[in-house]
Amino acid sequence: MQEQSTLEMGKIHHAFMGPEEMVIDPSLYSDTSLMADVDRMSDPSVRISDSMIMGMVLKFFYCYVHKGGFDRPVPLEEVSKLCEMFSRHRSLNEPDDDIELMNYLRQWSFSLRMLADITKTSHIIRSIVTQNISPKLLEQEEYVGLDIGTGTGILLLAQHIHARRNGFKNITLYGIEYDKMVGLQSYKIFKELGIAEIILGDARDAKNYEPLTSKVVTFVSNETVAAMHQPLRREHFVSICKTLFRVLGKNIKDAAFFPEGLIAFCKDLNVSVLLAKNTAFQGPKEYHDMNLFPQGIIIEGNIVPLHQLGEELLPYLSEWAQRRLPRRW
């Protein structure tokens, strides 16, 4: 897969779009920059709203595709057009399409799907930025975050906000990504932002946790959850957790997690099983060698069916966006 040349911010211009053509209700969106939103959400005195999070996700999607402009305003019209193009990027081009941009969206489809699944990603980010930190870890001088299967790295941005909202000045974040092309783009972006370090490697390989072996970890996010119709082994969720806890067990004993837990169905025994931190997300021993299929997720202290993740945020989107934007799960 070849990376396309940098797509400049503001390169594409369109005719005026009406409110019904926007991806989100214009009254809920602020035409500020991504980093202005991050700074605002990082202030513990600010109450973070759902629409604020969704706006940040939309801006990150736009800036990730265009590889820059984090400190520039992102007009809703521009991000709406990008979302509309992504909603049909698997189909044939239309006459007025920017062919270079459409081909870029096709090439990077897998990693961009999480960003385009605005409601689910916003729900996850909300759970991270509002999650309580163990009192023991609040006494630490350093916030250490780990994001496994980091992809575009947006959950690292959520951890950055989480750390600042909890008063941390010394923040160290790591993201592990297996796909070299995706990881390289995220590496460049987060190096520019100065927020996190991206480790290019397999999260099942113990050596990739080396930078964390001498640190007390505050937060771990692991988005390597397979779709409901696929076994967890497809995304190596269980084997990744096995390595994680074997290598960093004592370092992560007080850490907060996303997901907080996972409900998985065991076809062999025809039962559902809880995977959580207390069993290193492995479940009871009799399930270790069996195929498990994700059903639900524990988030914000609640059990949510996987297909309903982010569903409560759907009304914020326009009707066409609700129907057409692709889903991560």
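A residue is called buried under 20% relative accessible area, exposed over 50% and partly exposed in between (1.4 Å probe, protein chains only). The model is predicted, so local features need pLDDT of at least 70 and side-chain atom pairs count only at pLDDT 80 or more, whereas totals for chains, interfaces and linings use all residues. Residues are numbered from 1 along each chain as its sequence is written, and side-chain values use heavy atoms, with hydrogens and water left out.

Helices (H or I, at least four residues) and strands (E, at least two) are DSSP runs numbered from the N terminus. Helix α8 comprises 12 residues, 154–165. From first to last C-alpha, α8 reaches 17 Å, close to the expected 16 Å (1.5 Å times one less than the number of residues). Of the 12 residues of α8, 11 are buried, among them Gln-159, His-160, His-162 and Arg-165. Gly-167 follows α8 and has a positive phi, near 85°.

Five strands form an open sheet in the order β3-β2-β1-β4-β5, with parallel pairing (two strands pair if DSSP finds at least two bridges between them). Strands β3 (197–200) and β5 (256–258) each have a single partner strand, so one side of each edge strand lacks a neighbour in the sheet. Strands β1 (residues 142–148) and β4 (residues 219–222) are joined in the parallel sense by four bridges. Val-220 in β4 is the bridge partner of Leu-146.

Helix α9 spans residues 180–193 and contains Leu-184. Leu-184 is partly exposed, at a relative accessible area of 32%.
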